[in-house]
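Me: I would like to learn how to read a protein model feature by feature. Could you take me through this one slowly?

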Amino acid sequence: MNAYKNVMKQIHASDEFKRKMQKEMMEYEKKEKRAFMKKVKISVGSLVACAVIAVLAMVNINHDTPIDLTERIVADHSAPAASALVNIEGIITDVGEDGLSFTLDNGMEVVVTDKTKIGIDGPTAPPKEEQFFEPTFRVGNLIGGYTEDTSAHPVQAAAIYTNWNFENPIR
């Protein structure tokens, strides 16, 4: 600001011009100070956040013993249990004229027969109307199922658990 005052003394200009220029210079300095303070606040905030993360990381690193969850496991051997093996999975890219054979995006050709179990069954299965199963096989549907022979060409589906198009479902 002192350099500005010295220069302004040497310039022969009206007092009004000098006042306006001085006012503009003051406003410019205020803006610069605000911008500088904003940068300082951001820098200090970032430094504090890094320090907090470092402290939390150090606290978590010092746990030498692994967490043992086996004490929390409760096994009820009388409860029904089942797991479904899925080895037919993908999105239908082509459906045969019969409507019961299709090709998946991974190249697997699948044939659905009268012996194929449709949907999910068992004591813990959701009701049929809540399952992800459409009445027909169509291009774009996601398929999940099981076959006993994955090397056959085409494979015969032992079970089809899912037949659903998430983008355009039919119910």
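Me: How many bridges pair E5 and strand E7, and in which sense do they run?

Reply: Residues are numbered from 1 along each chain as its sequence is written, and side-chain values use heavy atoms, with hydrogens and water left out. This is a predicted model, in which local features need pLDDT of at least 70 and side-chain atom pairs count only at pLDDT 80 or more, while totals for chains, interfaces and linings use all residues. Strands (E, at least two residues) and helices (H or I, at least four) are DSSP runs numbered from the N terminus, and two strands pair if DSSP finds at least two bridges between them. Here E5 (residues 142-146) and E7 (residues 159-164) pair in the antiparallel sense over five bridges, and Leu142 stands opposite Trp164 in E7.

Me: Which elements does the protein have, and in what order do they run?

Reply: The secondary structure comes to two helices and seven strands, and from the N terminus on the order is α-α-β-β-β-β-β-β-β.

Me: How many bridges join E1 to E2?

Reply: Three bridges join E1 to E2, which run antiparallel, and Ile92 stands opposite Leu104 in E2. Five residues lie between the strands of this hairpin, where Gly99 takes a positive phi near 80 degrees. E2 is also joined by three bridges to E3 (residues 109-111), again in an antiparallel arrangement, with Phe102 opposite Val110. The hairpin of E2 and E3 has four residues between its strands, and Gly107 in the turn has a positive phi of about 95 degrees. E1, for its part, is joined to E5 by four bridges in the antiparallel sense, and the bridge partner of Gly90 in E5 is Ile143.

Me: Which residues have the most contacts inside the largest nonpolar core?

Reply: In soluble globular proteins, nonpolar side chains tend to be buried together. A nonpolar core is a set of buried Ala, Val, Leu, Ile, Met, Phe, Trp, Tyr and Cys residues joined through side-chain atoms within 4.5 Å, where buried means under 20% relative accessible area, exposed over 50%, and partly exposed in between (1.4 Å probe, protein chains only). The largest core here has 13 residues, and those with the most contacts inside it are Ile88, Phe102, Leu104, Val110, Phe137, Ile143 and Ile160. Strands E1 (88-95) and E2 (101-104) each supply at least two residues of this core. If contact means heavy atoms within 4.5 Å, then Leu104 touches several residues beyond four places away in sequence, including Ile88, Ile91, Val110 and Ile143. Of the 171 residues of the protein, 18% count as buried.

Me: Which side chains meet in a salt bridge?

Reply: Side chains of opposite charge can pair when their charged atoms come close. A salt bridge is a side-chain nitrogen of Lys or Arg within 4 Å of a carboxyl oxygen of Asp or Glu. A search of the whole structure finds one, in which the side chains of Arg138 and Glu134 meet at 2.9 Å, N to O, and both of these residues are buried.

Me: Is Val52 buried or partly exposed?

Reply: Val52 is found in helix H2 (residues 15-61), and it counts as partly exposed because its relative accessibility is 44%.
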